[in-house]
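I opened this notebook to keep track of what I looked up, one topic at a time.

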Amino acid sequence: MKKVTEAAISWNESTRETNNSIVTEFIFLGLSDSQELQIFLFVLFFVFYGGIVFGNLLIVITVVSDSHLHSPMYFLLANLSVIDLSLSSVTAPKMITDFFSQRKAISFKGCLVQIFLLHFFGGSEMVILIAMSFDRYVAICRPLHYTTIMCGNACVGIIAVAWGIGFLHSVSQLAFAVHLPFCGPNEVDSFHCDLPRVIKLACTDTYKLDIMVIANSGVLTVCSFVLLLVSYTIILMTIQRRPSDRSSKALYTLTAHITVVLLFFGPCVFIYAWPFPIKSLDKFLALFYSVITPLLNPIIYTLRNKDMKTAIRLLRKWDVHSSVKS
């Protein structure tokens, strides 16, 4: 009788485990099912990622090696390049290798790591872009106080705050997903893990979670975007009121900054704040801010910045001379 009871208890436990089976991995549906198209996409994004690595590292090396670029604006630009490279590296290598995989799988822990890193670098980038707009505001609207306000300690503090806010934001996002019950569907209709898509696979009502994601990521994104638009509007109005020889250079620099802001925040607003998501569009927008924007940022900042172009030419000449001597 005792053995029968133990067997019944064991069967009940195994049945309960089966009915509430824990998802140990997620399957990405990727960008396309066509083998020919996947080969084309592999080549395309392999080239794109190579450009991301080269372009962003070039900016960092140029800023570090050229003493003329040791200023707050270029210090922040170099940090933006580090974040762009890191943000792209969270998703791009996995996406590229998956083009040759029949089963595009990622472990549950790996998925959580992707979510954490995406929001960590994404949150940090938002703060860096706000800091860059503040730097231009002080340089143009309060030029006499620029060196006092944007001193070395202030710049280091800004970077520390950026990483800190990115960390807190990513932890808050991860808290939504880490304790969710996943017991059935595990296919993510994307090429990477992100919170809005992953929580939809949970075996529970996710309506409140969707609202919390919008309240967290959505509000942060929209508020940062509005703040940037207001600050750049004030700067542009100040330039119009004070025409001078430096106005054209300042306007040239601002155009690059505003372009980068629109490229980064445009997709993020639609992904995290738009209440009526479109699946096919979300996939394209995720691709845009994780691959296209990090590729375009170095191009925008180098092609539209005379100081950067001059510094890169000097760096190339120095490299050629070093090669000849060796």
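I began with the term itself: a disulfide is a pair of cysteine sulfur atoms within 2.5 Å. I noted that this is a predicted model, in which local features need pLDDT of at least 70 and side-chain atom pairs count only at pLDDT 80 or more, while totals for chains, interfaces and linings use all residues. Residues are numbered from 1 along each chain as its sequence is written, and side-chain values use heavy atoms, with hydrogens and water left out.

**Disulfides.** I found two disulfides in the structure, and with bonded cysteines counted along the chain they follow the pattern 1-3, 2-4.

I looked up Cys111 and Cys193, whose sulfur atoms lie 2.1 Å apart in a disulfide, and the link is left-handed, with -120° about the S-S bond. Cys111 lies in helix H4 and Cys193 in the loop between S3 and helix H7 (195-198), so the pair ties together parts that are 82 residues apart in sequence.

Cys111 is buried at 1%, and Cys193 is buried at 0%.

The other disulfide I looked up joins Cys183 and Cys203, with sulfur atoms 2.0 Å apart. Cys183 lies in the loop between helix H6 (152-177) and S3, and Cys203 in the loop between H7 and helix H8 (207-241), so this pair ties together parts that are 20 residues apart in sequence. The torsion about its S-S bond is about -130°, so this disulfide is left-handed. Cys183 is partly exposed at 27%, and Cys203 is partly exposed at 32%.

**Helix H4.** I returned to the helix that holds Cys111, and noted that H4 (residues 108-141) has 34 residues. Of these, 26 are buried, so I recorded H4 as mostly covered.

**Strands.** I counted two strands as paired if DSSP finds at least two bridges between them. S1 (residues 25-28) pairs with S2 (residues 105-107) in the antiparallel sense over three bridges, and Glu25 has Ser107 as its bridge partner in S2. S1 also pairs with S3 (residues 187-188), in the parallel sense over two bridges, where Val188 is the bridge partner of Phe28.

Definitions and conventions: Helices (H or I, at least four residues) and strands (E, at least two) are DSSP runs, numbered from the N terminus. The expected span of a helix is 1.5 Å times one less than its number of residues. Buried means under 20% relative accessible area, exposed over 50%, partly exposed in between (1.4 Å probe, protein chains only).
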